[in-house]
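Let's take a friendly tour of a protein model. Have the sequence and the picture ready, and look things up as you read.

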Amino acid sequence: MPFLTEALLFLLLSLQLVCPALSDTVYQSCETDNYTTNNTYQSNLLTILPSLSSNGSKSGFSENTVGTVPNRIYGLVLCRGDVNATDCRNCLNVATQDVIQICSNKKGGLVWYDPCFLRYSNQDFLSSTDDYNPVILINTQSVAEPDKFNKLVVELMNMTAQFASYNTSRRFATGEANFTVSNPKIYGLTQCTPDLTGDQCYRCLQGAFNVISGYADKKGLRIIGVRCNFRYEVYSFFEGKSMVLLSQSNGTNTTPTPTPTATPTPTPTPTVEEEGKKNKTGIILAISIPLVIAALIITTICICFWKRRLAKEIPNLTNSEQMTSVESILFDLSVLKDATADFSELNKLGQGGFGSVFKGTLSDGREIAVKRLSAGSGQGIEELKNELVLVAKLQHRNLVRLLGVCLEEREKMLVYEYVPNKSLDTILFDSVKRKQLDWGRRYKIISGIARGLLYLHEDSQLKIIHRDLKASNILLDEEMNPKISDFGMARLFECDQTGGTTSRVVGTFGYMAPEYVIRGQYSAKSDIFSYGVLVLEILTGRKNSDLLENEQAEDLLSYTWEHWTRGTISEILDPSLRDQWPRSEALRCIQIGLLCVQEDPANRPTMSMVVLMLNSYSVSLQTPSRPAFCVGLSGGMDSDAFQKGTNVSTDRFGGSVPMTPNEVSISEMEPR
């Protein structure tokens, strides 16, 4: 175990060098003015955001204007100068999705991440070349020699600003300075939008520097401005070698930087909008290109040794499931025992086919959820292996975050962020709790799940099919934001791969697409079928398996389709909504749900189209045909068997396999 621990930790640090993770928002802000849903302003917004993301992904910067007054929108995106094209694109895609949710119906918004930021507004902020009211974020830790530290910081940031302004077309630079034995280095970064001239960039940065003296004793400071921004810390937080090297002994810069053509005039001191907010950024080591290559070679060796050792704990780790990104760490069993009061029943959150989930609290106050797999469960081992390989690579606000893994004393456990409102099914299908889900929350859940699936299918560096999307695998945070969980059955695809076929059909009856159940064919479209079922459950408050409780009841898809064809679709909405729902929006969601459960996968929309349909009324919706698995559907399930919940499906070899009801996940459909 010591070697495994050291190898995994080294792998974590090494791979961060080349695979920087997209973090949560560093800062977000929304303007107070609202726009009306389905008006011209919203249409312009849904036009400008994709164009900013697309153009910004190519060059790292884009600004644009769409529409005419009073519905004109001004927008700008910028990626950090050391971020590669892939991370820039991923960050801008997330920003485009997040800003619509964070600043719902607002005429202006700003979302800032470590790799990029996005801003839009109905006010013309593009015409200004200065930032008069930037946001200030500080590292709350103090230094021992504030006067000396402050003087060195001012020199370093000034020289870095000169380099960014006059030596690079990107208007971006990094630097470092030697300080003391206890704090050996100071690292700095400056950046302006590339459309500024050198003098404009330098003037903007100099104005921002005026706030430094007010935080002379702090180890780090960050100024967030749309036109220019800077940051310094006592640890490296950027990629690559520093462009400016400053020696404390003689106060000289070892990198030649020209003098600006004119003496800049400082702008007024910025207003402090946010003070004392601790920086959230994780440490990313910055080393030279040769060292990166060396690190990759060593990392490859570590992976081989690590896989060989881990194979004893988790058998049959195939080449197609190699880990290319690790964001988890090994947790000690003793730590998890302390956190969960030795896995006390009082801390038990739930029980599944593969084991139990416990709530825990770490010594630093963080709340966690620990999935403890049943001892000796072959299915549990497979699930652990798959989740560790897949989930560790994923980061999105609508996916549950994997924090670590524990493999000690024959224990196999996964450690996740704790999501306080448990799973969607515990609220949606409870006659009392479902009243918490008003229309706004249900729409947010529907939209959030769509964004999470879009990330899995199209926007992440991987292409992942979940294969077990259902209400119990959607967790809700304290604000009822949905997070997709349980990737034990997920499959990773190559970039050019669209689907696959398996003889081992896994999933949950009622959510599985017909082509998957009958022929073992799975693709993004099979996830979209599951999403459609889930949407209809959220809207109606009915389980798709309600037919199992009453042999005379119709299944959810048939029930919905019958009311759709009669023109009485509003009658199926959950009565607990008490008519407090916008008719056009609700009917549109039902239509989207029906489109997602079409029998032919080709007739189902992609997740990018679903997200667009949910957010833009300018997109016309096709008329759905009868959904799959409807009673009496040609080529579908046998009506009598379906009503009784004991359907059979032909396997790929001409046999028949019994299906389990919705409450139980299918683990094996046929022998291997």
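## A charge over a ring

The charged end of which residue sits over the ring of Tyr-559? It is that of Arg-542, at 3.9 Å from the centre of the ring. Keep in mind that this is a predicted model.

## Aromatic pairs

Next come rings that meet other rings. A pair of aromatic rings is described by two things: how far apart the centres are and the angle between the planes. Counting rings whose centres lie within 6.5 Å, the model has ten aromatic pairs. One of them is formed by Tyr-166 and Tyr-202, with 6.0 Å from centre to centre and 55 degrees between the planes, which makes the pair tilted. Tyr-166 belongs to helix 4 (residues 146–166) and Tyr-202 to helix 5 (residues 198–209), so this pair ties together parts that are 36 residues apart in sequence.

Tyr-187 and Phe-238 give us an edge-to-face pair, with 6.1 Å between the centres and 65 degrees between the planes. Here too, distant parts of the chain are linked: Tyr-187 is in strand 8 (residues 185–192), while Phe-238 is in the loop between strand 10 (228–233) and strand 11 (244–246), 51 residues apart. Both Tyr-187 and Phe-238 are buried. Elsewhere, Phe-149, Phe-179 and Tyr-232 form one aromatic cluster.

## Strand 8 and its partners

Let's stay with the strand that holds Tyr-187. Of the eight residues in strand 8, seven are buried, so the strand is mostly covered. Strand 7 (residues 172–178) runs antiparallel to strand 8, and seven bridges join the two. In this pairing, Ala-177 stands opposite Ile-186 of strand 8.

Strand 8 also pairs with strand 10, again in the antiparallel sense, over six bridges. Here Cys-192 stands opposite Cys-228 of strand 10. In a regular strand, the side chains alternate between the two faces of the sheet.

## A buried alanine

Our last stop is Ala-524, which lies in helix 12 (residues 524–540). Buried or exposed? Ala-524 has a relative accessible area of 17%, and because the limit for buried is under 20%, this residue is buried. The C-alpha atoms of Ala-524 and Glu-458 are separated by 9.5 Å, although the two residues are 66 apart along the chain.

Terms used: Residues numbered from 1 in each chain as written. Predicted model: local features only at pLDDT ≥ 70, side-chain atom pairs only at ≥ 80, totals over all residues. Heavy atoms only, no water. Helix = DSSP H or I, 4+ residues; strand = E, 2+ residues; numbered from the N terminus. Buried < 20%, exposed > 50% of the residue type's maximum accessible area, 1.4 Å probe, protein only. Phe/Tyr/Trp six-rings, centres within 6.5 Å; stacked < 30°, edge-to-face > 60°. Lys NZ or Arg CZ within 6 Å of the ring centre and 35° of its normal. Pairing = 2+ DSSP bridges.
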